[in-house]
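Biologist: Before we discuss anything, could you put the model on the screen, so that we can go through it together?

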Amino acid sequence: MTADAVPPTRGQAGDAPSAAEPSGPAGPEPFAARFLRGLWRSNTVTITVLAIVLAMVVGALLIIISDAKIRAMYGYFFARPSDALSASWHKVSDAYANLFKGSIINPDTVALTLRGQPGGGWDRVFFPISETLTYAAPLAFTGLAFALAFRGGLFNIGVQGQAIMGAIGAGLTGFLLPLPVGVHLVVALLAGAFGGALWGFIPGFLKARTGAHEVITTIMLNYVALYFLGWLIIQNGIRMTGRTDAISEPVDRSAALPRLLEPLGPSLRMNLGIVVAVLATWAVAWLLRRSTFGFELRAVGLNPDASRTAGISVAVTTTLVMTVAGALAGLGGSAIVLGTAFSLTNAVVGSVGFDGLLVGLLGRAKPWGVLLAALFFGALQAGGNRMQSVSNISLELVNVIQAVIVVFVAAPALVSAVFRLRAATAADLQTGMAKGW
Amino acid sequence: MTSTTVDDPTVAEPVRFWTRQRRVGLGFAIAGVLAASIFGPLATERQARITLAETVAGTSVGITGTVGAVLFGLIAAAAGVAIFVGVPRRWFAVLVGLGIVAVVLAFLCWQISQAPEGRNIMPLGDVARTTLLLALPLILGSLAGVLCERSGVINVAIEGQFLMGAFGAALGATVAGTVWVGLIAAAIGGLVIAAMLAVLAIRYLVDQVVLGIVLNVFALGLTGFLYKQIMAHDQTAYNQPSRVPTWDIPVLSDIPLLGPVLFRANVFTYGALALVVIVHFGLTRTRWGLRTRAVGEHPTAADTVGVKVLALRYRNVLLAGLVAGFGGAYFTLWSTTNFNLGMTNGAGFIALAAMIFGRWTPIGALLASLFFGFSSALAFFLGAIASPIPSQFLNMLPYVATIIAVAGLVGRVRAPAADGRPYVKGQ
């Protein structure tokens, strides 16, 4: 690879304008040619799309390998290749069709609905997209939580724990406080944000005061939060009455995030969470680009020594960054409790925190990029559910696909090499800051 | 720079009162007093006994709970005061150690003395065995981290290497019918992730922390997918490995306390301890070690004197993959005998923390792993003697202890200078 695709040290990075604009020589070149040239040059969009394509190929290979019948057909591949190839094609295309039908739109239900036949209905038409947006909302929060800390030069591995603490805060206020409609939801969201902020403040403060490495402390705090949740939900007054297993009371209706497509049908779970997520994305974008704190955050992320020399308090910034990131992750946990789960259980937030790391990375640690990545991951999750139930492909395949996408996105040089793209400048492709511990 | 500033006494750095030593001393003094005044009243008049044996039947020493809790609390406080007042440097570590042990003993006096009569005894041999067993995967994982990072490649993917190792071991050992093939398959499993890490980090210059996180998700997804699609359908054919045998070294295994722990053990114990010695010796005494450290600290300088930087990094990352894969086999060939979804449960991340805690040295990694293992073993033991502390809080113990240790005692650690920096000739 050429050296200019290299992010050599901390440095430039930051808010380099996205590389969509091709920088060809000025001249009477037709627009279409210029566009194509720009497209085939390794820029952010092209790399991301190609990374998705490559990940789908890897996923297809795994689908084929994991099917015993198709494996047997490859045993006599050279005698009759058509068997194995058509079976493989069938299996893979069926799986990916279901991935699409489960996440965006299912043409079959649309046709049935338009013809007014049974099996149709507008709730079924909107079900896939509703599921996608339902899954996307918490992922957007946790992705932002990772991305914001990342921009401040911190590896926030503790998103999971912060989301758990957020879920606890939102859940407790959701069923313990008797508050009127409207106020209750706001208070519950704030409590969730506070729970996460507390769990982000601790590692930030420890890092600032004692230099304790945030990777260690956040990993440990994830476990502490998990065990705390496990203890909390079996206490009297919190455990659901009449139950002996580990599950809390459900939050009151007044604290639940209102469902946006309720009139169409009760199965549409999409709720206000996604709207709050968009607002949070906007707020983080504003914070990063327009506020003093955002400037200091980015400065500390790029070069703490220079920032200190310039009079920025690295300790204060570090603590604040982690606190704000924690609050965002806490909102992610709240969105789950108040939007879909309602009761606290041991696995209430699932792996939303760890998935948030990938979302933050796929979004290149930029707020709107993170939102797009969250939508994409939400779609994979929603589609993966259908792929699992209809095509019998277990949901873990989605994890593999997600990981492979992020690997390729993080390795633009590799994608360029596979597709023989022209090299771009380093700034175009930087994921974030290449730096050590 | 002018010469006047060099020896000018007026610009000497002012002597700060709150030095690290004073703060640590004050911390211990407070902790000791708190321990004496909280654990003392909580403890009962029953004896708190400790035995070196592995069962409660052995001969034991004991002390009345209340007396012990107050006494050890005061000892910790005294150590704190001594540190605060100021002791020679070489005594600092000894007193810190004394303070920690005393606080732990005060706590144990309370816990053990409140256990029902007949169970108010701590079998140290059993705790030591559990400590080492729980520490084994962490030792191997953090060694893998050391191997990688001392040559300048960050290894966050230990968890992924564990998972692939565990999966490979279960599959290999079941299909071949012998655990030794399982061990080889485990090493290969770790190697696969390590190879991806090496190529992407060294050849394609991907941010290494990012890469590690992603490879963990990849390994989790891959093993989970293959487990559900293939393994789970026919457990007897793919997922029923046997356990590795225990080798008893005669004479040595009869040493009290440490004998049964160290010398009546399995391939993982012997392997992990041998690897600690080998890696320590290798890093500090051999040409390979010198070159590894040079490449990790200043690759350009190493390159200038003819060390092949990238080749050495490849080799070390792959070696680390073998070690971590071997560590992963522990989960399926010793602690349980089948693979399960995400069964390593974050042990790789703990190993990563142990490596940082141990300051990127093999001995440090060993001690940090043992520290973590001991906290976990203590939590087990306290659960078994019906401690009034809820089990969830006992389970937090190792994690909280690590945070306190890292924040209070270790503080800022220094990674190898070139850790995580890709090396490109001519830059």
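Biologist: What percentage of the 427 residues in chain B is buried?

Modeller: This is a predicted model, in which local features need pLDDT of at least 70 and side-chain atom pairs count only at pLDDT 80 or more, while totals for chains, interfaces and linings use all residues. Residues are numbered from 1 along each chain as its sequence is written, and chains are lettered from A, and ligands numbered from 1, in the order in which they are written. A residue is buried if 20 or more other C-beta atoms, placed from the backbone, lie within 10 Å of its own. On that count, the buried part of the 427 residues in chain B is 53%.

Biologist: How are α10(B) and α15(B) oriented towards each other?

Modeller: Helices here are DSSP runs of H or I with at least four residues, numbered from the N terminus. Helix α10 (residues 267-285) of chain B packs against helix α15 (residues 362-384) of chain B with the axes 8 Å apart and an angle of about 150 degrees, axes being lines fitted to C-alpha atoms over the stretch in contact and angles running from 0 to 180 degrees between N-to-C directions. Because angles over 145 degrees count as such, α10(B) and α15(B) are roughly antiparallel.

Biologist: Which helix supplies the largest share of the side of chain A that touches chain B?

Modeller: Taking residues as in contact if their C-beta atoms, placed from the backbone, lie within 7 Å, 48 residues of chain A meet 46 residues of chain B. The largest share of that side of chain A, 11 residues, comes from α9(A).

Definitions and conventions. Two residues are in contact if their C-beta atoms, placed from the backbone, lie within 7 Å. Helices (H or I, at least four residues) and strands (E, at least two) are DSSP runs, numbered from the N terminus. A residue is buried if 20 or more other C-beta atoms lie within 10 Å of its own, exposed if 12 or fewer, and partly exposed in between; C-beta atoms are placed from the backbone. Angles under 35 degrees count as roughly parallel, over 145 as roughly antiparallel, 65 to 115 as roughly perpendicular and the rest as oblique.
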